[in-house]
Amino acid sequence: MATRDLCDRLHLRRSILFLGLAFFVLTGCTPSNSTPVQSAQRDTLPPLRFEGSALDLLQPEWTWIDRLHGFAVTLSVGWNPVVKGNALIFSNGQTFVVIRAARYEGTLHEIARRWIEELQLAGTPSLQLFQKTFAQGIAVYGAPLQFPFFLLSSAVLAPATPYQTLTFFVPGRRTVLIYTILAPLEAPRDEIDTALRIVRTLRFLPPEQRISYRTEALVDPVYGIPALWIPVPEGFLLTGQVVRADNPQFFYRLDGPGGSLRSDAISFQSYAAQSFPGVSQTASIVTWNGQSLTWPQAVLIQTPEACAPLLLSLWEMEGMPWTLRGHRVFTAANYPLLRLLARPLEDAWHSSIAMMQMTGTQVHTFIASHLLLAQSGRRTRLASFISFAFYWTQPGIMSSQSGGVTFPIVDVMEFEDEADLAELLPVFLGVLTGKKINPSWSWRVAQENLARNRIWNQAIRAYAEAAQEFETRTHLAWTNILSEQTFAKDPETGEIFQLDDVGGNFWRDPDTGAILATVPGTDFEAFLQANGWRQLPPSLEGFPEQWR
């Protein structure tokens, strides 16, 4: 690979740092089918059970075990995995770790070269690349890149900050594991260390130790398309549906021996007004999985900590009292994904107040992520959710207050006995890793709410289109790489051909349609051009007509 101009000292220093870190990472991430570490891999096989108590799940770091997709990794709180196609992605909303595999036939540098071509498509005009070969594989550093928002599992407005990438190519006997880290250029060092620790601690389960599953869909009855795909483990039963309250939402429940996993959609809307001194009116509407009920008291949530007792009070409506054992709150200050979500929400609420011309109104908003542990008798519940809340007051003699809090997706694991947690947690984590919201459904929901939610509609549209194009382009590019083929397009007729990639140029006879491959820059090419032959531009990933 030809190295770019090294005059930019900042990029050079950063690349030296990252490639130095690559040496230490490559010594610990060799795939299990590689001869030098076969015995070591056997000695460090991932655990099949969660080793610890329920309270350990509220610690800053613990081992995420997924027996459906077959991996275990040490994760810090705020980092979550997701499976997209043939890629395993870890992210905190700002920094990404992507693991993919490619067939290995002894041409590691060729695979790296093809990947660099793909990387250049996502780069900027000033993209610089640096490459280093180690005994364990190849490392490539590149910057600056655009924000890779197509890797997120939900739609957000992408920030303008430039990104950098560090990729390791680690060969085994039959496959090459490709580890890619994408992070902002100014990412904190501890965040980079966390990403590197994911690469070093990731282990894969043997196929015989994985749990088989089937994929089922929740279909939107109005749109007639799936809203969500859910992996259902063997021995579990899925129930759920898409409902329409204020917005289309879904909920589901997986029941199996020893426990259940469910996902709820919850929102509160409250109002309190003082019509005369000493005379007030209050009311709240609670919507839980599409069913609404009225509470006589106003539920005006002003802090994230108040969300825990609110959720427990809802659970008690199911007939069992619950005691809070632990509650961890993460705000935008320590959770990058929340920073991406918070600003559009704050702007939207302030704009709404301004449009209503409510002078003197005080507006408070917050967005937070929660981990909640509760107990009822021998039963244990672990809930994970994000809260969106607003609260405003209109001062005066006839003052008023209004507010609301929404928990759009509340993932609740319930264990009949805490002893069941060790076996069931790796199963439930596999479901959360593999579930996937249909981007087309999200886009339709956004269109339905366009008048009230224009900002979110734009974000979801961009996410859906970029995700579909990324998956299509990546699939076409890697299919061609592995089959040593490429696409070529006739600029006049628009015809697209899939041809053997011989490393030269392609020319087409305008009369017979015959296609020839030539060596670039030869007199023969000049002869063909003089005789009316058309040059066909090649592309590994195809052309826009193939991505739609």
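Modeller: Let us begin with a definition: a residue is called buried when its relative accessible area is under 20%, exposed when that area is over 50%, and partly exposed in between. Please keep in mind that this is a predicted model.

Colleague: Is Arg534 buried or exposed?

Modeller: The relative accessibility of Arg534 is 14%. Buried means under 20%. Arg534 therefore counts as buried.

Colleague: Which residue forms a salt bridge with Arg534, and how far apart in sequence are the parts that the pair ties together?

Modeller: The side chain of Arg534 meets that of Glu492 in a salt bridge, at 3.5 Å from N to O. Glu492 lies in the loop between strands E23 and E24, whereas Arg534 belongs to strand E27, so the pair ties together parts of the chain whose separation in sequence is 42 residues.

Colleague: Is Glu492 buried or exposed?

Modeller: Glu492 has a relative accessibility of 62%. The cut-off for this class is over 50%. Glu492 therefore counts as exposed.

Colleague: Which residue forms a salt bridge with Arg113?

Modeller: In general, side chains of opposite charge can pair when their charged atoms come close. Arg113 lies in helix H3, and four residues away, about one turn of the helix, lies Glu117. Arg113 is partly exposed at 37% relative accessibility, and Glu117 is also partly exposed, at 28%. With the closest N and O atoms 2.7 Å apart, the partner of Arg113 is Glu117.

Colleague: What distance does helix H3 reach from its first C-alpha to its last?

Modeller: Helix H3 covers residues 108–121, which makes 14 residues. At 1.5 Å a residue, the expected span is 20 Å. The model comes close to this, with a reach of 21 Å.

Colleague: Which strands stand at the edges of the open sheet of three strands?

Modeller: The order in this sheet is E1-E2-E10, and the pairing is antiparallel. Strands E1 and E10 each have a single partner strand, so one side of each is left without a neighbour in the sheet. The edge strands are therefore E1 and E10.

Colleague: How many bridges join E1 to strand E2?

Modeller: Strands of a sheet pair through backbone hydrogen bonds. In this structure E1 and E2 run antiparallel, and Thr63 stands opposite Thr74 in E2. The number of bridges that join E1 to E2 is six.

Colleague: Which backbone atoms lie within reach of the side chain of Ser91?

Modeller: Ser91 is found in strand E4 and is buried, with a relative accessible area of 12%. A polar contact requires a pair of N or O atoms within 3.5 Å. At 2.8 Å from a polar atom of this side chain lies the backbone nitrogen of Gly93, and at 3.4 Å lies the backbone oxygen of Thr95.

Colleague: What is the phi of Asn289?

Modeller: Asn289 lies in the loop between strand E16 and strand E17. Asn289 is buried, with a relative accessible area of 14%. Its phi is positive, although the residue is not glycine, and the value is near 55 degrees.

Colleague: Which residue does a cis peptide bond join to Ala143?

Modeller: The omega of this bond is about -5 degrees.

Methods: Residues numbered from 1 in each chain as written. Predicted model: local features only at pLDDT ≥ 70, side-chain atom pairs only at ≥ 80, totals over all residues. Heavy atoms only, no water. Helix = DSSP H or I, 4+ residues; strand = E, 2+ residues; numbered from the N terminus. Expected span 1.5 Å × (residues − 1). Buried < 20%, exposed > 50% of the residue type's maximum accessible area, 1.4 Å probe, protein only. Polar contact = N/O pair within 3.5 Å; in protein donor to acceptor, adjacent residues only side chain to side chain. Pairing = 2+ DSSP bridges. Salt bridge = Lys/Arg side-chain N within 4 Å of Asp/Glu carboxyl O.
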